[in-house]
Amino acid sequence: MAIPSINTFAMKRLTFLGTGTSQGVPIIGCHCPVCQSSDSHDKRLRTSALVSTDQVQVVIDAGPDFRYQMLRAGVENVDAILLTHPHRDHVGGLDDVRPFNYYQKHPMPVYGNAITLKALRTTIPYAFAEHRYPGAPEFTLYEVEDRPFRVGNLEILPFEVMHYKLPITAYRMGDLVYITDAKFISRSSVERIKGCKTLVVNALRKEPHLSHFSLSDALALIEEVRPERAYLTHIGHTMGYAAISAELPAGVEMAYDGLAIDF
Ligand SMILES: [Zn+2]
Ligand SMILES: [Zn+2]
Ligand SMILES: [Zn+2]
């Protein structure tokens with residue numbers, strides 16, 4: 001048997017569990033060419049990702065498709081959930097941590113900024129009620145600040161980006177940076193991104209949008225920080241996989257559900 005190299009031990013994998021904007025793609029009742037597309041790359045669940053090391057598995061965001069995303073990816077244990085912000089398309093599936101509570105026999109560790117954790121008390125109030133219904137989901141909340149923390153052997157640096165007026169959280173894990181729902185990134189946060197090899201960033205559509213990066217906003221960030229490769233996520237129904245992929249610069253790809261990248 002070959003002796004695994006140090007690199008093998010150090011390898012981490014990000015799997016895109018969902019790459020669609022808040023309504024997913026296709027949108028219910030929409031007859032546009034992308035929603036009607038037969039290309040499987042145009043079937044996008046709500047934005048989420050799984051990060052795996054040889055020791056731990058962490059999920060970034062748990063939107064309304066969380067249950068199906070766990071089943072589809074065959075995920076049987078989750079060591080922590082990292083939340084970017086409390087919008088429904090990122091937290092609407094938190095009730096479905098219940099099987100993990102049951103099998104793992106402890107509350108699910110959930111990380112997020114102060115605004116996100118506070119919002120959970122109204123998003124999913126019965127989980128935090130004084131007299132909890134038996135079987136209600138259980139969480140242990142950890143507030144992230146501008147400093148690194150660890151989940152097992154995964155070191156995670158949270159940093160702030162702006163989603164219109166809402167400060168939300170992006171995450172750096174070694175050479176990978178994961179940003180969703182950004183509209184503005186401060187100079188100090190751009191410094192956190194610089195030097196990464198793999199950048200995941202949101203790109204909603206070609207037209208400008210009030211609270212999300214457009215395609216050109218995302219490409220401008222990529223151009224500035226020059227990662228080796230970049231992947232677009234949180235994609236809307238005007239961005240067909242084949243057509244937009246053909247236009248992207250070298251090293252930039254449309255992510256799609258199920259895509260896995262090692263970093
Ligand atoms: Zn979103
Ligand atoms: Zn459509
Ligand atoms: Zn949002």
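Which helix is the place of His-90? His-90 sits in helix 3 (residues 88-91). Helices here are DSSP runs of H or I with at least four residues, strands are runs of E with at least two, and both are numbered from the N terminus. This is a predicted model: local features need pLDDT of at least 70, side-chain atom pairs count only at pLDDT 80 or more, and totals for chains, interfaces and linings use all residues. Residues are numbered from 1 along each chain as its sequence is written.

**Around His-90**

- His-90 is buried, because 27 other C-beta atoms lie within 10 Å. The cut-off for buried is 20 or more other C-beta atoms within 10 Å of the residue's own, with C-beta atoms placed from the backbone.
- Setting aside neighbours within four places in sequence, His-90 contacts Asp-61, Gly-63, Leu-83, Thr-84 and His-85. Contact means that the C-beta atoms, placed from the backbone, lie within 7 Å.
- Ile-60 is 30 residues from His-90 in sequence, and their C-alpha atoms are 8.7 Å apart.

- Seven strands make an open, mixed sheet, in the order 6-5-4-3-2-1-14. Strands pair if DSSP finds at least two bridges between them.
- Strand 6 (139-143) and strand 14 (260-262) are at the edges. Each has a single partner strand, so one side of each has no neighbour in the sheet.
- Strand 3 (residues 57-60) and strand 4 (residues 80-82) run parallel, joined by three bridges. Val-59 has Ile-81 in strand 4 as its bridge partner.

**A helix across the strands**

- Helix 2 (residues 66-73) lies across strand 1 (13-18) and strand 2 (48-52).
- Helix 2 runs at about 130° to strand 1. Such angles run from 0 to 180 degrees between N-to-C directions, using axes fitted to C-alpha atoms, for helices over the stretch in contact.

Notes. Chains lettered and ligands numbered in written order. Contact = placed C-beta atoms within 7 Å. Buried ≥ 20, exposed ≤ 12 C-beta atoms within 10 Å, placed from the backbone.
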